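Q: How should I read the interfaces in this model? Please start with charged pairs.

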Amino acid sequence: MSTAAPATPTAARFIGTSVKRREDRRMLTGHGHYIDDVVVPGLLHAAFVRSDLARGRITRLDVEAARELEGVRAVYTAADLNGGQHEYWQTMVGRDAPYPPFRALADGDVRYVGEPIAIVVADTRYIAEDGCELVEVDYDPLPPVLDPHVAADDTEQVVHPELGTNVASEIPAMPNPDLEAAFASAAHVFEETISQHRHLQVPMETRGLVAHWDPGARTLRIWASTQSPHEYRAFFARYLAIPENCIRVTMDDVGGGFGQKVFAMREDMTVVLATRKLGRPIKWIEDRRENLVAASSARAEDVRVRMAVDAEGRIQAVDVEHTEDVGSYPVPGPGSSAAFTAMMFTGPYKIPRLGFRNRAVFTNTNGRAPYRGPWMMETVGREIMMDLVARELGLDPAEFRLRNIVRSEDLPFTTPTMMVYDSVTPHETLLQAVDLVDYEAFRAEQERARAEGRYLGIGISVYVEPSSMGFGLMSQEVATVRVDSSGKVQLIMGTASHGQSLETTMAQIVADHLGVDIDDVVFIQGDTDIAPYNAGTGGSRSAVYSGGAAREASVRVHEKAIEIVAHAMEAAPEDLEIDGGVISVRGTPSRSMTLREVAELAYVGTDSLPPGMEPGLEATARYKGPRFTWSNAAHICTVEVDVATGHVTILRYVVSEDCGVMINPMVVDGQIDGGVVQGIGGVLYEHMIYDDNGNPLTTTFLDYLVPTAAEVPDIEHGHIETPAPGNPGGYKGMGEGGAIGSPPAVVNAVADALAPLGIRVTNQPLGPNDVFALVEAARAATT
Amino acid sequence: MNEVPVTVTVNDERYRAFVEPRKTLADFLREDCVLTGTHLGCEHGVCGACTVLIDGDAVRSCLMFAVQADGAEVVTIEGLAPPGELGPVQEAFREEHGLQCGFCTPGFVVSVHAFLAANPRPSRTEIREALSGNLCRCTGYQGIVRAVERVAAGIAGAPTAAPTATGDEAAS
């Protein structure tokens with residue numbers, strides 16, 4: 001480009017305003033188009049036979065009766081399909097990452113309850129499920145591997161015999177004399193083990209896909225419920241050893257993902273292998289039981305934390321031993337988030353030294369997949385530890401945080417993992433949240449309540465979010481902005497918005513930077529034949545990366561339009577401005593051209609273009625962003641605990657967030673709210689439970705309790721808006737933050753309420769039974 | 001499999017089909033009537049995504065067989081407003097950002113119609129209780145609760161009582 005992008009939009013009409021969503025009309029009227037709405041001629045329907053056993057050998061597998069059922073078109077087992085597999089790896093982590101051994105269908109043994117053993121393909125889903133009932137499987141049970149701490153050192157009972165170990169990946173301890181010296185000389189050293197249990201992502205739309213191998217054209221067509229159509233295409237090209245350009249993947253509306261729908265999983269692979277063999281389109285829609293048992297799980301990890309503190313209450317060092325249960329077949333790679341857990345463990349505090357080691361361990365359970373802030377054990381471990389240590393030191397948790405928090409005068413601040421915070425506001429957000437909740441008033445109220453025998457508590461959580469992580473495939477995004485011959489705009493992106501409102505927010509960016517009305521911008525995504533290759537939507541990356549690409553492409557088209565008009569009207573480009581799709585001479589609005597007239601020149605009246613100019617009026621921009629864009633927030637939660645029943649009631653929930661320039665404040669608050677409630681649910685209600693035999697016990701929504709409107713509080717928001725210096729729009733990603741900050745805020749509030757009883761809270765969940773057990777144990781200890 | 005005839009009036013249109021007795025009303029609406037706005041989120045009656053109105057009452061169409069709806073008047077999300085238009089509940093959801101991925105939304109909107117028809121002036125607690133039969137994983141319910149309050153308060157010309165079928169019918 002001949003000129004640099006202007007620093008500000010021509011007319012900032014849309015960025016920064018709560019534009020109502022352009023997605024809503026179709027969704028509100030029942031005209032959204034989700035995966036189960038896909039119908040193609042000749043469509044068949046699939047259902048899976050799954051393992052009832054956590055670990056064991058398959059001694060008999062008889063599918064003959066199912067094959068003979070009228071309406072069943074195929075029944076496939078590993079013997080039929082697994083030979084069609086070639087490479088198995090995800091682009092995000094690369095071919096050299098550690099992986100579990102891969103297989104579409106269980107072959108000879110089973111490794112978790114819910115593992116797919118056979119696929120039945122039939123004329124209807126009803127018949128496919130009838131067919132599944134007729135498949136007979138006998139097993140020789142083996143003792144399941146369930147405890148990651150035991151499994152990590154066990155080479156006899158292993159989940160994957162091919163590997164000979166249960167350790168999926170490891171960050172070894174590094175010798176660190178400086179760290180040990182800090183612990184040796186510290187005024188106080190505290191140690192605690194903090195855990196979080198197994199959560200599930202629970203998108204309201206379960207997984208699903210339609211796949212069609214056309215044996216004549218030798219092409220594969222996939223309709224997917226995915227966060228990343230291009231990853232599906234790239235993955236299946238490798239998996240089947242066919243060229244990417246023979247595969248087309250599309251997604252329309254997707255009913256939530258939360259990390260579960262980024263990567264192809266075993267059912268997807270099986271359906272694709274099945275259509276390759278059968279040559280007919282096959283639909284598989286996961287039912288809720290399958291989703292709760294076999295889709296993927298998350299969290300299920302613990303940290304042993306040592307913290308060294310000086311006499312003034314300043315943290316000198318933290319040492320962390322992190323263990324993750326990654327189940328049997330995690331994605332991506334080994335399913336570990338430990339690198340980011342380590343990177344962010346010191347969070348918003350001036351902690352000069354960090355030791356960290358990790359083991360990610362296979363167990364005979366549902367495999368791990370990313371879930372909104374996959375590395376967030378750093379915030380859970382650190383923020384719960386902050387409260388435990390504050391109480392030991394006799395300091396208020398807010399005061400202990402204030403003694404250690406990064407302040408504006410500390411910037412740029414380098415963490416012990418060599419991350420440089422250029423623009424963060426943890427101090428400011430903490431103060432704003434303290435102010436919003438009226439912290440001192442609550443402490444007074446709490447004291448009065450305690451005198452009446454009521455247990456109120458307040459919990460703080462502060463974090464820095466490494467949004468928009470610019471590694472590998474994730475380091476760039478792409479947008480095409482095309483003015484069509486009628487002067488209207490197509491915005492074509494590699495995103496896969498599935499609730500993030502990109503159809504609205506990206507159009508806001510284009511409207512401002514191109515200079516058109518937002519209603520003239522149509523957003524197109526999710527089709528690998530149309531949209532350029534990219535990573536999709538996840539990782540709090542869209543504002544920075546997709547926004548950066550949309551902005552750059554818009555600016556290029558804007559500049560070209562200006563050049564065309566300048567030539568046609570014999571005006572100087574710097575005298576022209578564009579607004580509402582009309583380019584005019586500044587101060588002389590009568591001298592103007594519409595974007596439609598410009599487009600007509602660009603496509604048809606090409607002899608009127610400036611000499612040498614390429615015809616057309618579109619631009620594709622790839623935006624490579626900074627490695628990190630730091631956003632941050634402080635959460636404060638207040639609760640009342642009924643010690644007679646163990647029931648926790650959230651009284652207030654306050655979030656102060658800094659996500660830089662807000663493209664659409666309504667959407668920002670909506671993202672915060674959704675994440676916060678997922679975190680509240682995770683602490684108080686949600687728990688995927690396995691029994692001692694590896695049987696899942698939470699297989700319906702009556703057992704796995706997603707919070708409802710009746711349980712959640714009104715969420716109050718404050719904003720500190722510090723533009724990100726690393727990208728031209730000043731945006732910071734924030735999609736995951738709510739779910740990162742909320743669990744420790746809730747845990748700390750419950751712990752604060754129960755502190756007078758001598759109770760310390762280090763584990764979750766905190767359902768009524770769990771809280772009641774803590775109260776009972778404390779009473780038993782004092783009598 | 002034996003198929004039996006059913007006749008169901010859906011959104012003022014009559015649908016006749018032969019269906020297996022085991023076919024759920026939800027599948028009948030989605031497959032036989034091609035009204036795919038009714039979504040299936042759990043198929044065991046908890047999430048509420050499949051909620052439709054049957055003779056004015058909110059019903060989970062995943063827990064009912066199509067044959068049980070023989071002769072009934074059903075209203076689905078598609079029938080709550082004239083094509084291309086938003087009814088007051090839908091408009092309020094849009095104004096208050098009561099939806100993100102949109103999958104649970106039809107069930108919420110239908111449930112809210114039935115709720116406000118029965119209780120046009122609910123308290124916030126009553127709203128939260130009434131919404132507890134529907135699950136949403138995106139919004140944290142904040143915008144949904146606000147949307148119901150907005151309709152109940154009659155903001156922006158919303159009627160005090162929600163219609164139970166199309167706008168035309170409700171007016172008559």
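A: A salt bridge is a side-chain nitrogen of Lys or Arg within 4 Å of a carboxyl oxygen of Asp or Glu. The model is predicted: local features need pLDDT of at least 70, side-chain atom pairs count only at pLDDT 80 or more, and totals for chains, interfaces and linings use all residues. Residues are numbered from 1 along each chain as its sequence is written, chains are lettered from A and ligands numbered from 1 in the order written, and side-chain values use heavy atoms, without hydrogens and water.

Q: How many salt bridges does the rule find across the interface of chain B and chain A?
A: Six. In one salt bridge, D714(A) meets R128(B) at 2.6 Å, N to O.

Q: How do I read contact and buried area?
A: Contact means heavy atoms within 4.5 Å. Buried area is the accessible area (1.4 Å probe) that two parts lose on being put together, summed over both. Here, 47 residues of chain B contact 53 residues of chain A. The two chains bury about 4200 Å², with 56% from carbon and sulfur atoms. R94(B), H97(B) and R137(B) supply 20% of the area that chain B buries against chain A, more than any other three residues.

Q: Which domains does the assignment give within chain A?
A: Domain bounds come from an automatic or database assignment. Domain 1 is 24–31 + 471–624, and domain 2 is 401–468 + 627–782. Their C-alpha centres lie 39 Å apart. Between them they bury about 1400 Å², 58% of it on carbon and sulfur atoms.
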